[in-house]
Amino acid sequence: MLKRLSLALAASLALSGAALAQGAAAPAQSGSYTLEPTHTMVTFGVSHFGFSDYYGMFPGATGSLTLDADHPASSHLEVSVPVADILTASPKLTDELKSADWLDAAKFPAMTFKSTSIAVTGPTTADVTGDLTIHGVTHPIVLKATFKKAGVFAMTKKYMIGFAATGSFKRTDFGVSKYANFGLGDDVDVSISAPFEKGS
C-alpha cells in the first residue's frame, strides 16, 4: 500500500539530473555526495479502493551519489529507506503497514534503490533506471528526475545539489498483496525531493 513513495527511492533521481544541468543557472559539480536526510522527502500514494487516494511518507533516507556532471551516464546512486520509520495520518495503519502482512519491517528493515543506467532527456531532466528492492524482492524501476539547483547553502556553507523525482510500480510485484483482490490499489506512485551534500 503505497502510491507516492516517492523510494528511493527518490534520491536516485538526483544523479540523473545533475549532470545534465548544463542549461541550469549553476551547473552541478562532479564529485561524491551524501544524501541530506533532514530535508529529504520520500512520499507515496495509493488508491483507497477507488474512493480516494491515500498518502504517506518514509523519513530517514540515507544514500550516496557519485556524480559525473560531464558524463551523466557514468554517475551512480544508492539509497536506503528505513521501513520501520513509515508515517501515515493513522497510527493504527502505520503499525499495520510495518507488520508481516504488509512490508514486514522486522524481516526487511530497509527498501533500497541502486541505479543501473541514466538517460538524459532534457536540459535539466533525466530518466534514472535502477533496481528497487522492497520486501526482499527486486525489480527495475524508472524515476523521472529533475535537477533543481546547485550551489553553496548559506546556512551550512556546504556545496549542495537538489533534485525532484517521480516514479511508479506495482506493489504486488514485490509480494505486498494484501487486499489487492478486494480492489485496494496496486499501483504505487512515488515522489521524491532530495538534497545532496558534496564531500570535502
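A: The questions below go from the whole chain to single residues.

Q: What kind of model is it, and how are things counted?
A: This is a predicted model, where local features need pLDDT of at least 70, side-chain atom pairs count only at pLDDT 80 or more, and totals for chains, interfaces and linings use all residues. Residues are numbered from 1 along each chain as its sequence is written, and side-chain values use heavy atoms, with hydrogens and water left out.

Q: What is the mean pLDDT of the protein chain?
A: The mean pLDDT is 88, and 86% of the residues reach 70 or more. The term pLDDT stands for the predictor's confidence in each residue, from 0 to 100.

Q: Where does pLDDT stay under 50?
A: Over residues 1-25. For that stretch the model has 150 contacts beyond four places in sequence, a contact being heavy atoms within 4.5 Å. Where pLDDT is low, the predicted coordinates should not be read in detail.

Q: OK. How many helices and strands does the protein chain have?
A: There are 2 helices and 10 strands. Helices (H or I, at least four residues) and strands (E, at least two) are DSSP runs, numbered from the N terminus. In sequence order the pattern is α-β-β-β-β-β-α-β-β-β-β-β.

Q: And what share of the residues is buried?
A: Of the 200 residues in the protein chain, 45% are buried. Buried means under 20% relative accessible area, exposed over 50%, and partly exposed in between (1.4 Å probe, protein chains only).

Q: Let's look at helix α2. Which residues are buried there?
A: Leu93, Thr94 and Leu97, in a helix that covers residues 91-98. Seen down the axis of α2, these buried residues fall within an arc of 105 degrees, so they line one face of the helix. The arc is taken from the directions from the helix axis to the C-beta atoms.

Q: What do the buried residues of α2 pack against?
A: They pack against β3, residues 52-57. On the other side of α2, Pro91 and Lys92 are exposed.

Q: Next, strand β5. Which way do its side chains point?
A: They alternate along residues 76-82.

Q: Which strands pair with β5?
A: Strand β4 (residues 62-67) pairs with β5 in the antiparallel sense over 5 bridges. Strands β5 and β6 also run antiparallel, joined by 5 bridges. Two strands pair if DSSP finds at least two bridges between them.

Q: Which residues stand opposite each other?
A: Leu65 is opposite Leu77 of β5, and Val79 has Phe113 in β6 as its bridge partner.

Q: What about Ser115, is it buried or exposed?
A: Ser115 is buried, with a relative accessible area of 7%. Its place is in strand β6, residues 110-122.

Q: What does the side chain of Ser115 contact?
A: A polar contact of 3.2 Å joins it to the side chain of His76. A polar atom of the Ser115 side chain also lies 2.9 Å from the backbone nitrogen of Leu77. A polar contact is a pair of N or O atoms within 3.5 Å; within protein, one must be able to donate a hydrogen and the other to accept it, and residues adjacent in sequence count only if both atoms are side-chain atoms.

Q: Changing topic: how many salt bridges does the structure hold?
A: It holds 4 salt bridges, each a side-chain nitrogen of Lys or Arg within 4 Å of a carboxyl oxygen of Asp or Glu. One of them joins Asp101 and Lys178, with the closest N and O atoms 4.0 Å apart. Asp101 lies in the loop between α2 and β6 and Lys178 in the loop between β9 (158-170) and β10 (187-198), so the pair ties together parts that are 77 residues apart in sequence.

Q: Which residue forms a salt bridge with Lys170?
A: Asp187, the closest N and O atoms being 2.7 Å apart. Lys170 is in strand β9 and Asp187 in strand β10, 17 residues apart. Lys170 is partly exposed at 37% relative accessible area, and Asp187 is partly exposed at 39%.
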